[in-house]
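Please prepare a short report on selected local features of the structure shown below.

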Amino acid sequence: MIILDHVCKTFVGTDGQVEALKDVSLTVPDGDIYGIIGMSGAGKSTLVRTVNLLEKPTSGSVLVDGVDMTKLSPAELRKKRREITMIFQSFNLLMQKNCLKNVCFPLELAGMKSREAKAKALELLELVGLKDKASAYPAQLSGGQQQRVAIARALATEPKVLLCDEATSALDPGTTHSILELIRDINAKLGITVLIITHQMSVVESICRHVAILDQGSVAETGEVSEVFSNPQSRAARSLVFPEGDIDELFRELRENEHLIRVVFDGSQATSEPLIAHMAVEKGIEASIIYASMREIGGKTYGSVLLGINGGRTTVDEAIDYLTRKENVSAREVRPHVQ
Amino acid sequence: MFNELFSSEAWAEALPVIRGQFLLATWETLYVTVLSTFFAILIGLPLGIVLVAGDEKGIRPLPKWIIKTLNVIINILRSVPFLILMILVFPLTRVIVGTTVGTAATIVPLVIAAFPFIARLAETSLREVNPNSIEMAQSLGASPMQIIRKVMLPESVPLLISNATTAITTILGYTAMSGIIGGGGLGKIAINYGYYRYRYVIMFAAVILLVVLVQIFQSVGNKLAAASDKRLRS
(Lines give C-alpha, C1' and ligand atoms only; values in the text may rest on other atoms or scores of the structure.)
Protein backbone atom coordinates (compact mmCIF):
# COMPACT_ATOMS: atom_id res chain seq x y z
CA MET A 1 0.00 0.00 0.00
CA ILE A 2 1.20 3.47 -0.85
CA ILE A 3 0.10 6.27 1.43
CA LEU A 4 0.89 9.89 0.69
CA ASP A 5 0.20 11.87 3.81
CA HIS A 6 -0.11 15.65 3.51
CA VAL A 7 2.67 15.83 0.96
CA CYS A 8 3.81 19.30 -0.05
CA LYS A 9 6.54 20.16 -2.49
CA THR A 10 7.78 23.66 -3.08
CA PHE A 11 10.44 24.46 -5.64
CA VAL A 12 12.56 27.50 -5.03
CA GLY A 13 13.54 29.03 -8.33
CA THR A 14 15.20 32.22 -9.36
CA ASP A 15 11.85 33.94 -9.74
CA GLY A 16 10.32 32.91 -6.46
CA GLN A 17 8.69 29.80 -5.09
CA VAL A 18 6.50 27.37 -6.96
CA GLU A 19 4.15 25.20 -4.99
CA ALA A 20 4.07 22.06 -7.11
CA LEU A 21 2.17 19.96 -4.57
CA LYS A 22 -0.16 21.36 -1.97
CA ASP A 23 -1.11 19.04 0.86
CA VAL A 24 -1.64 15.92 -1.23
CA SER A 25 -3.02 12.87 0.57
CA LEU A 26 -3.68 9.65 -1.30
CA THR A 27 -3.97 5.96 -0.58
CA VAL A 28 -3.17 3.42 -3.26
CA PRO A 29 -4.33 -0.09 -2.29
CA ASP A 30 -2.12 -3.13 -2.98
CA GLY A 31 -2.61 -4.67 -6.40
CA ASP A 32 -4.58 -1.72 -7.69
CA ILE A 33 -4.17 0.13 -10.94
CA TYR A 34 -4.41 3.70 -9.78
CA GLY A 35 -4.51 6.63 -12.15
CA ILE A 36 -3.50 10.17 -11.43
CA ILE A 37 -4.78 12.51 -14.06
CA GLY A 38 -4.45 16.21 -14.50
CA MET A 39 -3.63 18.90 -16.99
CA SER A 40 0.01 19.59 -17.73
CA GLY A 41 1.51 21.58 -14.91
CA ALA A 42 -0.86 20.06 -12.37
CA GLY A 43 2.05 18.48 -10.53
CA LYS A 44 1.58 14.88 -11.70
CA SER A 45 5.20 14.17 -12.48
CA THR A 46 6.34 15.70 -9.22
CA LEU A 47 3.75 13.65 -7.38
CA VAL A 48 4.85 10.31 -8.84
CA ARG A 49 8.47 11.18 -8.09
CA THR A 50 7.71 11.69 -4.43
CA VAL A 51 6.72 8.01 -4.23
CA ASN A 52 10.27 6.80 -4.95
CA LEU A 53 11.68 10.00 -3.51
CA LEU A 54 13.28 11.21 -6.73
CA GLU A 55 11.60 14.35 -5.44
CA LYS A 56 11.92 14.83 -1.73
CA PRO A 57 8.71 16.24 -0.29
CA THR A 58 9.10 19.60 1.42
CA SER A 59 6.77 18.30 4.11
CA GLY A 60 4.54 15.31 4.68
CA SER A 61 5.36 11.64 4.51
CA VAL A 62 5.37 8.91 1.90
CA LEU A 63 4.67 5.42 3.17
CA VAL A 64 5.26 2.40 0.97
CA ASP A 65 4.24 -0.80 2.73
CA GLY A 66 4.50 0.99 6.03
CA VAL A 67 8.04 2.29 5.43
CA ASP A 68 8.38 6.04 5.54
CA MET A 69 10.47 6.75 2.46
CA THR A 70 11.43 10.21 3.68
CA LYS A 71 13.17 8.73 6.72
CA LEU A 72 15.44 6.28 4.89
CA SER A 73 19.19 6.72 4.61
CA PRO A 74 20.55 7.09 1.04
CA ALA A 75 21.68 3.45 0.99
CA GLU A 76 18.37 2.17 2.37
CA LEU A 77 16.51 4.32 -0.12
CA ARG A 78 18.48 2.89 -3.05
CA LYS A 79 17.61 -0.62 -1.90
CA LYS A 80 13.97 0.26 -1.42
CA ARG A 81 13.80 1.77 -4.91
CA ARG A 82 14.31 -1.69 -6.38
CA GLU A 83 10.81 -2.44 -5.09
CA ILE A 84 9.32 0.67 -6.67
CA THR A 85 10.44 0.87 -10.27
CA MET A 86 9.44 3.31 -12.92
CA ILE A 87 8.78 3.66 -16.64
CA PHE A 88 8.95 6.97 -18.44
CA GLN A 89 7.45 8.94 -21.28
CA SER A 90 10.74 8.94 -23.17
CA PHE A 91 11.50 5.27 -22.28
CA ASN A 92 14.98 6.24 -21.08
CA LEU A 93 16.81 3.21 -22.34
CA LEU A 94 20.58 3.30 -22.36
CA MET A 95 21.26 4.01 -26.02
CA GLN A 96 24.74 2.47 -26.06
CA LYS A 97 23.57 -0.85 -24.64
CA ASN A 98 21.53 -3.53 -26.36
CA CYS A 99 18.11 -4.60 -25.09
CA LEU A 100 19.41 -7.52 -23.08
CA LYS A 101 21.99 -5.33 -21.33
CA ASN A 102 19.34 -2.71 -20.67
CA VAL A 103 17.19 -5.26 -18.90
CA CYS A 104 20.25 -6.59 -17.06
CA PHE A 105 21.06 -3.08 -15.86
CA PRO A 106 18.98 -3.04 -12.62
CA LEU A 107 20.17 -6.57 -11.84
CA GLU A 108 23.80 -5.50 -12.23
CA LEU A 109 23.11 -2.56 -9.94
CA ALA A 110 21.75 -5.00 -7.38
CA GLY A 111 24.94 -7.04 -7.69
CA MET A 112 23.56 -10.10 -9.50
CA LYS A 113 26.06 -12.26 -11.39
CA SER A 114 26.18 -11.53 -15.09
CA ARG A 115 25.10 -15.02 -16.19
CA GLU A 116 22.09 -15.13 -13.87
CA ALA A 117 21.16 -11.59 -14.84
CA LYS A 118 21.22 -12.48 -18.53
CA ALA A 119 19.01 -15.54 -18.01
CA LYS A 120 16.54 -13.48 -16.04
CA ALA A 121 16.59 -10.65 -18.57
CA LEU A 122 15.82 -13.09 -21.38
CA GLU A 123 12.79 -14.37 -19.46
CA LEU A 124 11.58 -10.81 -19.02
CA LEU A 125 12.09 -9.96 -22.68
CA GLU A 126 10.01 -13.02 -23.47
CA LEU A 127 7.30 -11.77 -21.11
CA VAL A 128 7.08 -8.49 -23.01
CA GLY A 129 7.25 -10.25 -26.35
CA LEU A 130 10.69 -9.09 -27.47
CA LYS A 131 12.93 -12.08 -26.95
CA ASP A 132 14.09 -11.88 -30.56
CA LYS A 133 15.29 -8.29 -30.03
CA ALA A 134 17.71 -9.15 -27.22
CA SER A 135 20.78 -8.09 -29.16
CA ALA A 136 19.18 -5.12 -30.92
CA TYR A 137 20.03 -1.59 -29.82
CA PRO A 138 17.27 0.83 -28.73
CA ALA A 139 17.81 3.01 -31.82
CA GLN A 140 16.70 0.05 -33.92
CA LEU A 141 13.37 -0.30 -32.11
CA SER A 142 10.05 1.49 -32.43
CA GLY A 143 8.71 3.56 -29.54
CA GLY A 144 6.33 0.81 -28.44
CA GLN A 145 9.13 -1.76 -28.48
CA GLN A 146 11.39 0.54 -26.50
CA GLN A 147 8.68 0.95 -23.88
CA ARG A 148 8.32 -2.84 -23.70
CA VAL A 149 12.04 -3.17 -23.03
CA ALA A 150 11.69 -0.45 -20.38
CA ILE A 151 8.86 -2.42 -18.79
CA ALA A 152 10.98 -5.58 -18.79
CA ARG A 153 13.76 -3.58 -17.15
CA ALA A 154 11.37 -2.18 -14.55
CA LEU A 155 10.21 -5.69 -13.68
CA ALA A 156 13.71 -7.14 -13.35
CA THR A 157 14.08 -6.51 -9.63
CA GLU A 158 10.63 -7.99 -8.94
CA PRO A 159 9.13 -4.76 -7.70
CA LYS A 160 5.93 -4.42 -5.73
CA VAL A 161 5.05 -1.12 -7.33
CA LEU A 162 5.33 0.06 -10.92
CA LEU A 163 5.21 3.81 -11.47
CA CYS A 164 4.25 4.89 -14.98
CA ASP A 165 5.09 8.49 -15.77
CA GLU A 166 3.18 9.39 -18.93
CA ALA A 167 4.32 6.03 -20.22
CA THR A 168 2.09 6.08 -23.29
CA SER A 169 2.10 9.79 -24.08
CA ALA A 170 4.71 9.45 -26.79
CA LEU A 171 2.98 6.52 -28.47
CA ASP A 172 0.30 6.27 -31.13
CA PRO A 173 -3.18 5.04 -30.08
CA GLY A 174 -2.69 1.45 -31.27
CA THR A 175 0.64 1.10 -29.50
CA THR A 176 -0.77 2.81 -26.43
CA HIS A 177 -3.47 0.19 -26.32
CA SER A 178 -1.02 -2.71 -26.51
CA ILE A 179 1.23 -1.21 -23.83
CA LEU A 180 -1.77 -0.71 -21.55
CA GLU A 181 -2.80 -4.33 -22.18
CA LEU A 182 0.68 -5.40 -21.16
CA ILE A 183 0.50 -3.33 -17.99
CA ARG A 184 -2.90 -4.78 -17.19
CA ASP A 185 -1.54 -8.31 -17.74
CA ILE A 186 1.41 -7.65 -15.49
CA ASN A 187 -0.87 -6.29 -12.81
CA ALA A 188 -3.08 -9.37 -13.04
CA LYS A 189 -0.30 -11.95 -13.31
CA LEU A 190 2.23 -10.55 -10.89
CA GLY A 191 -0.05 -8.59 -8.59
CA ILE A 192 2.10 -5.49 -8.92
CA THR A 193 0.52 -2.25 -7.79
CA VAL A 194 0.50 0.15 -10.72
CA LEU A 195 0.43 3.91 -10.35
CA ILE A 196 -0.22 5.66 -13.64
CA ILE A 197 0.36 9.33 -14.29
CA THR A 198 -1.29 10.62 -17.41
CA HIS A 199 -3.05 13.51 -19.01
CA GLN A 200 -4.97 11.14 -21.23
CA MET A 201 -8.50 10.41 -20.09
CA SER A 202 -8.60 7.30 -22.25
CA VAL A 203 -5.67 5.74 -20.38
CA VAL A 204 -7.41 6.06 -17.03
CA GLU A 205 -10.68 4.89 -18.49
CA SER A 206 -9.24 1.82 -20.09
CA ILE A 207 -7.20 0.33 -17.26
CA CYS A 208 -7.47 2.12 -13.94
CA ARG A 209 -9.68 1.05 -11.07
CA HIS A 210 -9.19 4.16 -9.01
CA VAL A 211 -8.38 7.66 -10.04
CA ALA A 212 -7.23 10.85 -8.41
CA ILE A 213 -7.71 14.11 -10.20
CA LEU A 214 -4.91 16.55 -9.64
CA ASP A 215 -5.54 20.22 -10.17
CA GLN A 216 -2.85 22.83 -9.66
CA GLY A 217 -0.99 20.75 -7.13
CA SER A 218 -4.01 19.65 -5.12
CA VAL A 219 -6.14 16.55 -5.24
CA ALA A 220 -9.51 17.70 -6.53
CA GLU A 221 -11.26 14.37 -6.39
CA THR A 222 -10.55 10.69 -5.80
CA GLY A 223 -12.61 7.56 -6.14
CA GLU A 224 -13.41 4.61 -8.32
CA VAL A 225 -13.04 5.42 -11.96
CA SER A 226 -16.63 4.57 -12.81
CA GLU A 227 -17.89 6.71 -9.95
CA VAL A 228 -15.74 9.73 -10.68
CA PHE A 229 -16.39 9.60 -14.38
CA SER A 230 -20.10 9.15 -14.17
CA ASN A 231 -20.46 11.73 -11.51
CA PRO A 232 -17.64 14.23 -11.46
CA GLN A 233 -17.95 16.67 -8.60
CA SER A 234 -15.00 18.98 -8.82
CA ARG A 235 -14.44 21.57 -11.48
CA ALA A 236 -11.22 19.88 -12.55
CA ALA A 237 -12.97 16.54 -12.89
CA ARG A 238 -15.76 18.07 -14.89
CA SER A 239 -13.47 19.71 -17.34
CA LEU A 240 -11.75 16.36 -17.83
CA VAL A 241 -14.97 14.43 -18.25
CA PHE A 242 -16.38 17.07 -20.57
CA PRO A 243 -13.29 17.78 -22.60
CA GLU A 244 -15.42 19.00 -25.48
CA GLY A 245 -16.63 22.02 -23.71
CA ASP A 246 -16.31 24.05 -20.61
CA ILE A 247 -19.30 23.10 -18.52
CA ASP A 248 -19.43 26.56 -17.01
CA GLU A 249 -19.52 27.96 -20.49
CA LEU A 250 -22.61 25.85 -21.14
CA PHE A 251 -24.33 27.40 -18.20
CA ARG A 252 -23.71 30.87 -19.47
CA GLU A 253 -25.31 29.91 -22.74
CA LEU A 254 -28.42 28.40 -21.15
CA ARG A 255 -31.67 30.12 -21.77
CA GLU A 256 -33.70 31.32 -18.90
CA ASN A 257 -35.52 28.51 -17.18
CA GLU A 258 -33.39 25.89 -18.86
CA HIS A 259 -31.74 23.31 -16.64
CA LEU A 260 -29.10 20.72 -17.25
CA ILE A 261 -29.54 17.10 -16.33
CA ARG A 262 -26.75 14.62 -16.64
CA VAL A 263 -27.91 11.12 -17.42
CA VAL A 264 -25.48 8.26 -17.09
CA PHE A 265 -26.46 4.81 -18.16
CA ASP A 266 -24.98 1.40 -18.39
CA GLY A 267 -24.78 1.15 -22.13
CA SER A 268 -25.05 -2.59 -22.38
CA GLN A 269 -28.52 -2.73 -20.86
CA ALA A 270 -30.17 0.62 -21.06
CA THR A 271 -29.78 1.39 -24.72
CA SER A 272 -32.67 -0.73 -25.93
CA GLU A 273 -35.26 1.81 -24.85
CA PRO A 274 -35.84 5.18 -26.52
CA LEU A 275 -35.67 6.89 -23.19
CA ILE A 276 -35.96 10.50 -24.17
CA ALA A 277 -38.79 9.90 -26.59
CA HIS A 278 -40.70 7.99 -23.92
CA MET A 279 -40.20 10.79 -21.47
CA ALA A 280 -41.61 13.23 -23.95
CA VAL A 281 -44.62 11.04 -24.68
CA GLU A 282 -45.36 9.88 -21.15
CA LYS A 283 -44.52 13.01 -19.20
CA GLY A 284 -44.68 15.66 -21.85
CA ILE A 285 -41.16 16.80 -20.97
CA GLU A 286 -39.09 17.90 -23.91
CA ALA A 287 -35.37 17.52 -23.62
CA SER A 288 -32.66 18.63 -25.94
CA ILE A 289 -29.38 16.77 -26.13
CA ILE A 290 -26.50 19.11 -25.42
CA TYR A 291 -23.73 16.57 -25.18
CA ALA A 292 -23.56 12.80 -25.43
CA SER A 293 -20.83 10.22 -25.39
CA MET A 294 -20.15 6.54 -24.89
CA ARG A 295 -17.17 5.37 -22.94
CA GLU A 296 -15.80 2.06 -21.93
CA ILE A 297 -14.79 2.09 -18.30
CA GLY A 298 -13.28 -0.97 -16.65
CA GLY A 299 -14.77 -3.23 -19.32
CA LYS A 300 -18.24 -1.74 -19.11
CA THR A 301 -19.84 0.61 -21.56
CA TYR A 302 -21.09 3.83 -20.09
CA GLY A 303 -23.11 6.40 -21.85
CA SER A 304 -23.48 9.89 -20.65
CA VAL A 305 -25.89 12.46 -21.95
CA LEU A 306 -26.29 16.05 -20.97
CA LEU A 307 -29.91 17.08 -21.40
CA GLY A 308 -31.25 20.58 -21.48
CA ILE A 309 -34.75 20.80 -20.05
CA ASN A 310 -36.93 23.82 -20.36
CA GLY A 311 -39.25 24.33 -17.45
CA GLY A 312 -39.58 25.07 -13.82
CA ARG A 313 -38.33 23.28 -10.76
CA THR A 314 -41.15 20.73 -10.80
CA THR A 315 -40.52 19.77 -14.40
CA VAL A 316 -36.87 19.16 -13.68
CA ASP A 317 -37.60 17.10 -10.60
CA GLU A 318 -40.19 15.14 -12.51
CA ALA A 319 -37.72 14.40 -15.29
CA ILE A 320 -35.04 13.25 -12.86
CA ASP A 321 -37.54 11.13 -11.06
CA TYR A 322 -38.70 9.57 -14.32
CA LEU A 323 -35.20 8.82 -15.52
CA THR A 324 -33.83 7.41 -12.28
CA ARG A 325 -36.70 4.96 -12.01
CA LYS A 326 -35.35 3.21 -15.08
CA GLU A 327 -32.94 0.41 -14.42
CA ASN A 328 -29.23 1.11 -14.96
CA VAL A 329 -29.85 4.79 -15.43
CA SER A 330 -28.89 7.55 -13.10
CA ALA A 331 -29.74 11.19 -13.49
CA ARG A 332 -28.92 14.26 -11.55
CA GLU A 333 -29.07 17.91 -12.11
CA VAL A 334 -25.83 19.60 -12.93
CA ARG A 335 -25.51 22.98 -11.32
CA PRO A 336 -23.02 25.67 -12.03
CA HIS A 337 -19.90 25.13 -10.01
CA VAL A 338 -19.69 27.53 -7.13
CA GLN A 339 -16.13 28.44 -6.34
CA MET B 1 62.40 29.99 -48.39
CA PHE B 2 60.13 28.18 -50.84
CA ASN B 3 62.40 28.25 -53.86
CA GLU B 4 64.76 25.98 -51.98
CA LEU B 5 62.19 23.26 -52.36
CA PHE B 6 63.06 23.19 -56.06
CA SER B 7 66.80 23.24 -55.66
CA SER B 8 68.49 19.88 -56.08
CA GLU B 9 71.38 20.98 -53.88
CA ALA B 10 69.08 21.64 -50.98
CA TRP B 11 67.51 18.24 -51.45
CA ALA B 12 70.85 16.52 -51.67
CA GLU B 13 71.76 18.17 -48.41
CA ALA B 14 68.50 17.31 -46.74
CA LEU B 15 68.09 13.70 -47.77
CA PRO B 16 70.72 12.22 -45.44
CA VAL B 17 69.09 13.95 -42.49
CA ILE B 18 65.64 12.82 -43.60
CA ARG B 19 66.86 9.26 -44.01
CA GLY B 20 68.97 9.20 -40.88
CA GLN B 21 66.87 11.08 -38.41
CA PHE B 22 63.21 11.07 -39.40
CA LEU B 23 62.34 7.55 -38.39
CA LEU B 24 63.62 8.02 -34.86
CA ALA B 25 62.12 11.50 -34.65
CA THR B 26 58.70 10.25 -35.75
CA TRP B 27 58.89 7.50 -33.16
CA GLU B 28 59.84 10.01 -30.46
CA THR B 29 56.99 12.30 -31.42
CA LEU B 30 54.55 9.40 -31.35
CA TYR B 31 55.57 8.04 -28.01
CA VAL B 32 55.72 11.42 -26.33
CA THR B 33 52.28 12.26 -27.74
CA VAL B 34 50.68 8.97 -26.75
CA LEU B 35 52.25 8.82 -23.29
CA SER B 36 51.40 12.47 -22.56
CA THR B 37 47.83 11.99 -23.73
CA PHE B 38 47.54 8.86 -21.61
CA PHE B 39 48.71 10.57 -18.43
CA ALA B 40 46.70 13.69 -19.19
CA ILE B 41 43.55 11.58 -19.56
CA LEU B 42 44.43 9.76 -16.35
CA ILE B 43 44.27 13.09 -14.53
CA GLY B 44 41.81 15.00 -16.73
CA LEU B 45 39.01 12.46 -17.04
CA PRO B 46 38.47 11.97 -13.29
CA LEU B 47 38.65 15.73 -12.92
CA GLY B 48 35.97 16.14 -15.57
CA ILE B 49 33.82 13.56 -13.77
CA VAL B 50 34.23 15.43 -10.49
CA LEU B 51 33.24 18.70 -12.16
CA VAL B 52 30.02 17.18 -13.55
CA ALA B 53 29.05 14.88 -10.68
CA GLY B 54 30.02 17.38 -8.00
CA ASP B 55 28.08 20.19 -9.59
CA GLU B 56 25.29 21.82 -7.62
CA LYS B 57 22.77 19.89 -9.69
CA GLY B 58 25.01 16.85 -10.18
CA ILE B 59 24.49 13.35 -8.87
CA ARG B 60 26.82 13.85 -5.91
CA PRO B 61 27.01 17.57 -5.17
CA LEU B 62 30.28 18.64 -3.55
CA PRO B 63 30.88 21.79 -1.52
CA LYS B 64 30.84 24.75 -3.89
CA TRP B 65 34.35 25.90 -2.96
CA ILE B 66 35.87 22.63 -4.20
CA ILE B 67 34.32 22.99 -7.64
CA LYS B 68 35.23 26.68 -7.77
CA THR B 69 38.86 25.96 -6.83
CA LEU B 70 39.14 23.26 -9.48
CA ASN B 71 37.71 25.60 -12.08
CA VAL B 72 40.17 28.33 -11.18
CA ILE B 73 43.15 25.94 -11.36
CA ILE B 74 42.01 24.62 -14.73
CA ASN B 75 41.50 28.11 -16.11
CA ILE B 76 44.89 29.31 -14.93
CA LEU B 77 46.73 26.32 -16.39
CA ARG B 78 44.86 26.68 -19.65
CA SER B 79 45.75 30.33 -20.05
CA VAL B 80 49.53 30.01 -19.51
CA PRO B 81 51.27 29.77 -22.92
CA PHE B 82 52.82 26.34 -23.37
CA LEU B 83 56.36 27.67 -23.89
CA ILE B 84 56.24 29.54 -20.58
CA LEU B 85 54.61 26.61 -18.83
CA MET B 86 57.43 24.31 -19.91
CA ILE B 87 59.94 26.60 -18.25
CA LEU B 88 57.78 27.11 -15.15
CA VAL B 89 57.52 23.41 -14.46
CA PHE B 90 61.27 22.74 -14.74
CA PRO B 91 61.60 22.12 -10.98
CA LEU B 92 58.76 19.59 -11.05
CA THR B 93 60.20 17.93 -14.15
CA ARG B 94 63.54 17.59 -12.40
CA VAL B 95 61.87 15.92 -9.41
CA ILE B 96 59.92 13.46 -11.54
CA VAL B 97 62.28 12.67 -14.43
CA GLY B 98 65.61 13.71 -12.92
CA THR B 99 66.45 16.10 -15.76
CA THR B 100 64.83 18.97 -17.63
CA VAL B 101 66.16 18.16 -21.08
CA GLY B 102 65.47 15.30 -23.39
CA THR B 103 62.44 13.60 -24.76
CA ALA B 104 61.15 12.02 -21.53
CA ALA B 105 61.45 15.36 -19.74
CA THR B 106 58.96 16.98 -22.10
CA ILE B 107 56.24 14.59 -21.02
CA VAL B 108 55.82 16.39 -17.68
CA PRO B 109 55.01 19.86 -19.07
CA LEU B 110 52.91 18.27 -21.81
CA VAL B 111 50.77 16.45 -19.26
CA ILE B 112 50.40 19.57 -17.15
CA ALA B 113 49.41 21.61 -20.17
CA ALA B 114 47.02 19.01 -21.49
CA PHE B 115 45.14 17.66 -18.47
CA PRO B 116 43.12 20.86 -17.82
CA PHE B 117 42.14 20.89 -21.49
CA ILE B 118 41.13 17.23 -21.27
CA ALA B 119 39.21 17.87 -18.05
CA ARG B 120 37.13 20.49 -19.89
CA LEU B 121 36.57 18.18 -22.85
CA ALA B 122 35.51 15.36 -20.52
CA GLU B 123 33.24 17.75 -18.66
CA THR B 124 31.42 18.84 -21.81
CA SER B 125 31.15 15.22 -23.02
CA LEU B 126 29.65 14.03 -19.74
CA ARG B 127 27.22 16.92 -19.55
CA GLU B 128 25.77 15.70 -22.84
CA VAL B 129 24.48 12.51 -21.18
CA ASN B 130 20.69 12.57 -21.20
CA PRO B 131 19.54 13.61 -17.70
CA ASN B 132 16.58 11.26 -18.14
CA SER B 133 18.98 8.31 -18.29
CA ILE B 134 20.51 9.43 -15.03
CA GLU B 135 17.10 9.80 -13.43
CA MET B 136 16.20 6.33 -14.70
CA ALA B 137 19.29 4.87 -13.04
CA GLN B 138 18.46 6.68 -9.80
CA SER B 139 14.92 5.31 -9.92
CA LEU B 140 16.41 1.81 -10.08
CA GLY B 141 18.53 2.41 -7.01
CA ALA B 142 21.89 3.21 -8.62
CA SER B 143 24.50 4.84 -6.38
CA PRO B 144 26.41 7.90 -7.65
CA MET B 145 29.44 5.70 -8.37
CA GLN B 146 27.30 3.23 -10.34
CA ILE B 147 25.76 6.08 -12.30
CA ILE B 148 29.22 7.31 -13.26
CA ARG B 149 30.52 3.87 -14.20
CA LYS B 150 27.45 2.35 -15.79
CA VAL B 151 25.57 5.31 -17.25
CA MET B 152 27.59 8.50 -17.67
CA LEU B 153 30.81 6.99 -19.02
CA PRO B 154 29.35 4.26 -21.29
CA GLU B 155 26.68 6.57 -22.68
CA SER B 156 29.22 9.24 -23.61
CA VAL B 157 31.84 6.92 -25.13
CA PRO B 158 31.44 8.18 -28.73
CA LEU B 159 31.81 11.80 -27.65
CA LEU B 160 34.70 10.94 -25.31
CA ILE B 161 36.51 9.25 -28.19
CA SER B 162 36.07 12.16 -30.56
CA ASN B 163 37.17 14.60 -27.86
CA ALA B 164 40.18 12.40 -27.07
CA THR B 165 41.04 12.69 -30.77
CA THR B 166 40.95 16.47 -30.50
CA ALA B 167 43.17 16.20 -27.44
CA ILE B 168 45.76 13.91 -29.00
CA THR B 169 46.11 16.10 -32.10
CA THR B 170 46.50 19.20 -29.93
CA ILE B 171 49.14 17.46 -27.82
CA LEU B 172 50.94 16.41 -31.00
CA GLY B 173 51.15 20.09 -31.86
CA TYR B 174 52.61 20.86 -28.42
CA THR B 175 55.29 18.17 -28.77
CA ALA B 176 56.66 20.05 -31.75
CA MET B 177 57.15 23.10 -29.55
CA SER B 178 58.96 21.07 -26.92
CA GLY B 179 61.86 20.78 -29.39
CA ILE B 180 62.88 24.21 -28.15
CA ILE B 181 63.74 22.98 -24.66
CA GLY B 182 65.55 19.92 -25.88
CA GLY B 183 62.70 17.52 -26.40
CA GLY B 184 63.12 15.08 -29.26
CA GLY B 185 60.89 14.41 -32.18
CA LEU B 186 59.89 16.00 -35.44
CA GLY B 187 59.60 19.41 -33.82
CA LYS B 188 63.22 19.34 -32.81
CA ILE B 189 64.28 18.36 -36.33
CA ALA B 190 62.20 21.13 -37.86
CA ILE B 191 63.69 23.75 -35.55
CA ASN B 192 67.27 22.58 -35.10
CA TYR B 193 68.08 21.25 -38.54
CA GLY B 194 65.56 23.26 -40.53
CA TYR B 195 64.95 26.67 -39.06
CA TYR B 196 68.22 27.38 -37.22
CA ARG B 197 70.38 26.13 -40.07
CA TYR B 198 68.26 27.56 -42.88
CA ARG B 199 67.62 24.12 -44.36
CA TYR B 200 64.01 24.70 -45.15
CA VAL B 201 63.54 21.45 -47.04
CA ILE B 202 64.05 19.61 -43.76
CA MET B 203 61.74 21.97 -41.97
CA PHE B 204 58.97 21.49 -44.50
CA ALA B 205 59.45 17.73 -44.58
CA ALA B 206 59.10 17.55 -40.82
CA VAL B 207 56.01 19.74 -40.87
CA ILE B 208 54.43 17.65 -43.60
CA LEU B 209 55.06 14.53 -41.57
CA LEU B 210 53.39 16.17 -38.56
CA VAL B 211 50.39 17.06 -40.71
CA VAL B 212 50.17 13.47 -41.92
CA LEU B 213 50.28 12.20 -38.33
CA VAL B 214 47.47 14.56 -37.30
CA GLN B 215 45.43 13.39 -40.28
CA ILE B 216 45.93 9.76 -39.32
CA PHE B 217 44.99 10.36 -35.68
CA GLN B 218 41.94 12.35 -36.71
CA SER B 219 40.56 9.84 -39.18
CA VAL B 220 41.20 6.86 -36.89
CA GLY B 221 39.49 8.77 -34.06
CA ASN B 222 36.49 9.63 -36.22
CA LYS B 223 36.12 6.02 -37.31
CA LEU B 224 36.37 4.72 -33.75
CA ALA B 225 33.83 7.26 -32.49
CA ALA B 226 31.35 6.38 -35.22
CA ALA B 227 31.85 2.65 -34.75
CA SER B 228 31.28 2.92 -31.01
CA ASP B 229 28.03 4.85 -31.36
CA LYS B 230 25.12 2.42 -31.16
CA ARG B 231 22.63 5.20 -31.80
CA LEU B 232 23.63 5.18 -35.46
CA ARG B 233 22.81 1.53 -36.04
CA SER B 234 19.32 1.90 -37.35
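## Nonpolar surface patch on chain B

In this predicted model, Leu83(B), Ile84(B), Leu88(B), Ile180(B), Tyr195(B) and Tyr196(B) form a nonpolar surface patch of about 610 Å². Patches consist of residues with over 30% relative accessible area and no salt bridge, with like charges joined within 9 Å and nonpolar side chains (Val, Leu, Ile, Met, Phe, Trp, Tyr) within 5 Å; a salt bridge is a side-chain nitrogen of Lys or Arg within 4 Å of a carboxyl oxygen of Asp or Glu. Accessible areas come from the Shrake-Rupley method with a 1.4 Å probe, and for residues only the protein chains shown count as cover.

Helix 3 (residues 82-88) of chain B gives the most to this patch, with 3 residues; helices (H or I, at least four residues) and strands (E, at least two) are DSSP runs, numbered from the N terminus. Tyr195(B) lies in helix 9 (residues 186-195) of chain B, and Tyr195(B) counts as partly exposed because its relative accessibility is 48%, where buried means under 20% relative accessible area, exposed over 50%, and partly exposed in between (1.4 Å probe, protein chains only).

## Helix 1 of chain A

Helix 1 (residues 44-51) of chain A is mostly covered, with 7 of its 8 residues buried, among them Leu47(A), Val48(A) and Arg49(A). Just after this helix, Leu53(A) takes a positive phi of about 60 degrees.

## Asn92(A)

Asn92(A) sits in the loop between strand 6 (84-87) and helix 3 (99-109) of chain A, and Asn92(A) is buried, with a relative accessible area of 4%. Leaving aside neighbours within four places in sequence, Asn92(A) is in contact (heavy atoms within 4.5 Å) with Arg153(A), Asn132(B) and Met136(B).

## Basis of the values

Residues are numbered from 1 along each chain as its sequence is written, while chains are lettered from A and ligands numbered from 1 in the order in which they are written. Local features need pLDDT of at least 70, side-chain atom pairs count only at pLDDT 80 or more, and totals for chains, interfaces and linings use all residues, while side-chain values use heavy atoms, with hydrogens and water left out.
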